[in-house]
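Here are my notes for your first look at this one. Keep the 3D view open and find each piece as you read.

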Amino acid sequence: MIYLSDRNVISSRSFNNTKHQAEVISRLICKHMISEKLSLAGKTAVITGSSQGIGEAIALTFAEFGASIVLHYNSGKQKADQVRKKVSKLKAEVHIVQADFSKPNGVKSFHEKVLKKVTRVDILVINASVQIAKNWDKLTSDEFDEQIQANFKSTLFLMQSFAPAMEKQQWGRILTIGSVQQVKPHPEMIAYAATKSAVLNLVQNIAMQLADKGITVNNLAPGVIATPRIDEPVPKADDRILQRMQTPVGEIGQPEDCAGMALFICSDAGKFITGQNIFVDGGMSL
Ligand SMILES: NC(=O)c1ccc[n+]([C@@H]2O[C@H](COP(=O)([O-])OP(=O)(O)OC[C@H]3O[C@@H](n4cnc5c(N)ncnc54)[C@H](OP(=O)(O)O)[C@@H]3O)[C@@H](O)[C@H]2O)c1
């Protein structure tokens, strides 16, 4: 018998010859190493906007892979409670924190509340965002400011708040959730799209500055994903513009399509990936 792990026990009689035996063992070791690297056991992950949609899927996936979870919501307490129940069923430790990132003190109060719940944060997923769909020439100053504050300014201050402790730990993962609109801006979402491009620039800048401190900083850019957000009304744009915005794979994505990539980037498997923009968009960015 050869024991590779609790689950991988093989009999030496199952090999044709020693070369075959070496190949099988090396494949199993490789598989074991990769699944070990994907484990988030002992890590604590804070996921903003995890009361539904992509944030919820990331929280559930991280919990399945062993992380303790801090959920966040703004106005959807009931939805967040539902997600909390799902995370608890996975036997993961889970907390919930409320914050409005469109308010200037939103990040400060969020950071303080998180530190009352957990003693360390290893992974920060900046997923919450405000998206206001309107003709570009009708967008008001307040609507512009709300999106800049919630999507862009808060991203910087979330990183400023959580990165120093990660630096001390010499291990951290920061993942922003961007959008295919970084490169294909929707005509009715002018400020939202611009904030997503701005965040990528910030990610590339900070990734370089934290690269030698055990912290990776990346951006995952979804295409059209089936979450409550895509049911919200959007003013009709010209067909000539909309045709350019279709998803080549022929169907929209699911939140879980983003969660798998988020797990990879935020685990030890992703330690050599930093400052990157990764599209999870069914080819929409092409
Ligand atoms: N779905 C897509 O097709 C798509 C495509 C590209 C990019 N994205 C990006 O992916 C991320 C998640 O999208 P999603 O579709 O899963 O979103 P969603 O279902 O609309 O959920 C948005 C989350 O953000 C929170 N949130 C909204 N306004 C907030 C505020 N002012 N302060 C703090 N939190 C706030 C919401 O909390 P409450 O509900 O509790 O208020 C909710 O948890 C976003 O960054 C989005 O821009 C999505």
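How many Å separate the centres of domain 1 and domain 2, taken over C-alpha atoms? Let's start there.

1. The overall layout. Keep in mind that this is a predicted model. The protein chain is split into domain 1 (1-38) and domain 2 (40-280). The centres of the two domains, taken over C-alpha atoms, are separated by 38 Å.

2. The core. The largest nonpolar core has 62 residues. Those with the most contacts inside this core are Ile 58, Ala 59, Ile 69, Val 125 and Ala 262. Helix H2 gives the largest share of the core, seven residues. As background, nonpolar side chains tend to be buried together in soluble globular proteins.

3. Ile 58 up close. Leaving out residues up to four places away in sequence, Ile 58 touches Ile 47, Ser 50, Val 125, Asn 127, Cys 258, Ala 259 and Ala 262. Val 125 and Ala 262 are themselves among the core residues with the most contacts.

4. The partners of E6. Strand E3 (residues 44-47) pairs with E6 in the parallel sense, over three bridges. In that pairing, Val 46 has Leu 124 of E6 as its bridge partner. Strand E7 (residues 172-177) also runs parallel to E6, and four bridges join the two. Here Ile 123 stands opposite Arg 173 in E7.

5. Helix H3, checking the length. The 13 residues of H3 (residues 77-89) should span 18 Å at 1.5 Å a residue, and the end C-alpha atoms are 19 Å apart, which agrees.

6. Ala 80, Val 83 and Val 87 are the ones to find here: they are buried. Looking down the axis of H3, you see the buried residues fall within an arc of 60°, so they line one face of the helix. They pack against helix H2 (53-64), strand E4 (68-73) and strand E5 (94-98). On the other side of H3, Gln 78, Lys 85 and Lys 89 are exposed.

7. Helix H8. Now run the length check on H8 (residues 255-266): twelve residues at 1.5 Å each should span 16 Å, and the end C-alpha atoms are 16 Å apart, in agreement. Its buried residues are Cys 258, Ala 259, Ala 262, Leu 263, Ile 265 and Cys 266. Seen down the axis, these buried residues of H8 fall within an arc of 165°, so they line one face of the helix. What covers them includes helix H1 (18-38), H2, E6, E7, E8 and strand E9 (277-280).

8. Two positive phi angles. Lys 91 sits in the loop between H3 and E5. Its phi is near 70°, a positive value in a residue other than glycine. Lys 91 counts as exposed because it has 9 C-beta neighbours inside 10 Å. Gln 170, in the loop between helix H5 (141-169) and E7, has a phi near 60°, again positive in a residue other than glycine. Gln 170 is exposed too, with 10 other C-beta atoms within 10 Å.

9. Ala 207. Thr 274 is 67 residues away from Ala 207 along the chain, but their C-alpha atoms are separated by 6.1 Å. Neighbours within four places in sequence aside, Ala 207 is in contact with Thr 216, Val 217, Thr 274 and Gly 275.

10. Lys 236. This residue is in the loop between strand E8 (215-222) and helix H7 (239-242). Lys 236 is exposed, having 10 other C-beta atoms within 10 Å. Met 284 is 48 residues from Lys 236 along the chain, and their C-alpha atoms are separated by 19 Å.

Terms used
Residues numbered from 1 in each chain as written. Predicted model: local features only at pLDDT ≥ 70, side-chain atom pairs only at ≥ 80, totals over all residues. Expected span 1.5 Å × (residues − 1). Buried ≥ 20, exposed ≤ 12 C-beta atoms within 10 Å, placed from the backbone. Arc of directions from axis to C-beta. Contact = placed C-beta atoms within 7 Å. Domains from an automatic or database assignment. Core = buried A, V, L, I, M, F, W, Y, C linked by C-beta atoms within 7 Å. Pairing = 2+ DSSP bridges.
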